[in-house]
Amino acid sequence: MASLFHAPMPSTGPGYSFSAQPTAASAPRQHAGFYPYTDNGGSTLGISGATFTILAGDTRSTSGYNINTRHAPKLFKIGGEGPDNLNARIVLSVVGFAADGNALKERLDTVVKMYRYQHGKEISVHACAQRLSHILYGKRFFPYYVTAILGGLDEEGKGALYSYDPVGSYEREQCRAAGAASSLIMPFLDNQVNLKNQYDPMSGQGLEKVQRVPEPLPKETVEEIVRDAFTSAVERHIEVGDGLQMMVITKEGIEETFSPLKED
Amino acid sequence: MFRNNYDNDSVTFSPQGRIFQVEYAQEAVKQGSVVVGIVSKTHAVLAAIKRNAEELSSYQRKIIPIDTHYGIALAGLASDARVLSNFMKQQSLASRLTYARPILLSDITARIGDRAQTNTQHYGKRPYGVGLLIAGVDARGPHLFEFQPSGVTVECVAGGIGARSQMARTYLERNLDEFENCGREELVKHALRALKDSLSQDKELTVENTSLGVAGMEENFKLYEGEEIAGWLETTFENKAEGETGAEGGEGMEVDT
Amino acid sequence: MNHFPEAWGRPRDEIYGAYNPTYLPSSLGGAHQPTTRTQSPIVTGTSVLALKFSTGVVIAADNLASYGSLARFTDVHRLKPFNKRAVVGFGGDVSDMQYLDRLLNSLDVEENYTSSTGDSKQGGEEGLVDAPLMSAKNLHTYLAKVMYKRRTDFNPLWNALLIVGLDDQSQPFLASADLLGTTFSAPSLATGFGAHLAQPILRRVVPNEAASRELSREKAVEAIKECMKVLFYRDARSMNEYSIAVVDENGVELSENEKLENQSWAFADRIKGYGTQVV
């Protein structure tokens, strides 16, 4: 950041050397100048179960090699009552450019609050998910530089999890990791949640091998997987650490917990 | 025949200095069913009578929660009230987004007052045909404001607007000194009694036709309807039946004169 | 006779050709220029530091405004009190700071205007007067929105801000907002070079929120002053005169003419060899 403030002074103003006066209206840009994005690091993940959805994220915020703060939550309750979003049933996680993440969170939250005001009922996760996609796509040519994951319970009470790219492509999934350490966490989730590359040891060899069939995991197992994913990511990625924020969405509501991660 | 030539629009004064369209709008408020509001040191309460167009139809909406800290009660054109309440909702959300604070009731009231006033000064516009009571709790404590189609807004300790609201106001005036130190339950009872006084003889307060909104220093604005208010109606009626059936009747008579 | 300044003492047309007016505004015959936006800061202030303690917050910034590497203005106050519950510290472009200062002043006027007319019943009562005062948290939310809006318009306010004071519950509040609209909050914060040099020292004093709740005002001020000294030693765009402010329940205490004390350059004793010096 310091270097931003100590850029060289402008040297060429309009001078009185007439032959040197520019005749064209403008010259091509010399340098990029102001760049409206930055990366604040961190990672998030979400896993849906039969009757619950868990979202988690670390609480570190970075600028390059600097740690801005050790406590910057990436998970937000959406559409509850009042500023603290009491009784909310939907959680949004955002990772990437934090300022865009906040703006996106506030827009979605406002939309969901207006939905309740206008329709007198709570929005469904599936409707909220589609709305979020539209919000992101609406800024297709100046995107919110974030990877979003939206979690809640669907109309049948099953865990629902939607993941997005910055311009609004979305899909419902069983699990998803996003952010700086997504490439470290996602393969782990593939293996542990969707049982990829796990075969029935009783089956034969080669083409005879039978894939293990994934089924919804119990909450305790999922919480363990989340914790393991983050403690491992902290070891291998410098932008991940400090604290772990978890939100568990069940039909009883949202349970939010913070627990420590390594601060190195 | 004589015809009033000064009531075709809301921008022309009559020679007597009146703007008839605004006065007609105020008549629309008097057509609406009655709503009352009271504040104490700790709470703000709204109470309203809901009408239904016919026996089989549903009841109208008289109290609208806007933000977590306040709500409005309306008398007059419901559609005009909806426009105003949408505006208030937007302004309230905007205050929370830009400053992270709930909007002050004095602020939001001033804003709808200004909006209503512009309707009385631009050709081709018409005044809002609705009166509002705005009640809730903000950084400065509990408040009640009254809004009129003319754009006039006043803060009050207690107030009532709508059909036959004079009787409710008479009740409120008589008990004015008590409100300040009332607890939550007492305040609700006062509001219900004031409401009852405005009903015509053949009508009763029921769980179907009564709406209540309560906000407090420690509680968000909440709308109570249906079975939620059965308890209040019961206890309030009980007092009345035991206490002073005669006295109540007397009050009503007085007002009619 | 042409009175326009650009004609004063001009070489004669018959010798040098006609004046080329392209750079002038189009009203004076100039070519149409593209609209321009801030691409880099011009006159800049360096780090701002702040630290939360048990009952309030302390903030400091030096009084220097640099023009590139030139120490251009030496008495520029970069801490701006908003009301008795909030102070804003500005790093980065000084003209943008002055713009924001004007913006904050008009906001303050607006706030006081509405609060004096809006409520006749309780406005005058003691104890309740302070309640509607904008808290540091309210101010931070607002400023962050301003910064984010301007970056989204590709017309940034080239600053890093620290907003300190008390929140709605009268608890110590400290948060930052920068030219991109990024915001965060921590027990200690430092912008610019301070993020590299002062923040590690401050984090030793308050590693977490719990530690800042235990910290005394004296210790906090001492830590900040120590960091200002370190910054003066190592930040070439810094100065030994600075402003320091403390915000707590008693209001804002601002001193704009502090001098660095007890400097010790002993650490530089054996450093040599810069520039032309060889022995």
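**Entry 1: a starting residue**

In which strand of chain B is the place of Thr153(B)? I found Thr153(B) in strand β7 of chain B. Before going on, I noted that this is a predicted model, where local features need pLDDT of at least 70, side-chain atom pairs count only at pLDDT 80 or more, and totals for chains, interfaces and linings use all residues. Residues are numbered from 1 along each chain as its sequence is written, chains are lettered from A and ligands numbered from 1 in the order in which they are written, and side-chain values use heavy atoms, with hydrogens and water left out.

Is Thr153(B) buried, exposed or partly exposed? Its relative accessible area is 31%, so Thr153(B) is partly exposed. Buried means under 20% relative accessible area, exposed over 50%, and partly exposed in between (1.4 Å probe, protein chains only).

I then listed the contacts of Thr153(B), leaving aside neighbours within four places in sequence: Thr109(B), Gly113(B), Glu146(B) and Phe147(B). Contact here means heavy atoms within 4.5 Å. I also looked up Ser106(B), 47 residues away along the chain from Thr153(B), and the two C-alpha atoms are separated by 9.4 Å.

**Entry 2: the sheet around it**

Strand β7(B) belongs to an open sheet of 5 strands in the order β3-β4-β5-β6-β7 (chain B), with antiparallel pairing. β3 (63–67) and β7 (153–155) of chain B are at the edges with a single partner strand each, so one side of each has no neighbour in the sheet. On average, neighbouring strands of this sheet are turned by 20° against each other, direction ignored.

My strands are DSSP runs of E with at least two residues, and my helices are runs of H or I with at least four, numbered from the N terminus. Two strands pair if DSSP finds at least two bridges between them. The partner of β7(B) is the antiparallel strand β6 (residues 141–147) of chain B, joined to it by 3 bridges. There, Phe147(B) stands opposite Thr153(B).

Which helix packs on the sheet? I found helix α3 (residues 105–119) of chain B, which touches β4 (70–76), β5 (130–138), β6 and β7 of chain B, and its direction makes about 160° with that of β5(B). Axes are lines fitted to C-alpha atoms, for helices over the stretch in contact, and angles run from 0 to 180 degrees between N-to-C directions.

**Entry 3: a look at chain C**

Asp248(C) sits in strand β12 (residues 241–248) of chain C. Asp248(C) counts as buried because its relative accessibility is 8%. The side chain of Asp248(C) reaches the backbone nitrogen of Asn250(C) at 3.0 Å. Beyond neighbours within four places in sequence, Asp248(C) has contacts that include Lys84(C) and Arg217(C).

I also checked a hairpin in chain C. Strands β4 (residues 65–67) and β5 (residues 70–73) of chain C pair in the antiparallel sense over 3 bridges, and Ser66(C) has Ala71(C) as bridge partner. There are 2 residues between these strands, and Gly68(C) takes a positive phi near 65°.

**Entry 4: chain A**

I counted 5 helices and 12 strands in chain A. Of its 264 residues, 47% are buried. Strands β11 (residues 243–250) and β12 (residues 253–260) of chain A run antiparallel and share 8 bridges. A hairpin with 2 residues joins β11(A) to β12(A), and Thr250(A) stands opposite Gly253(A).

Methods. Polar contact = N/O pair within 3.5 Å; in protein donor to acceptor, adjacent residues only side chain to side chain.
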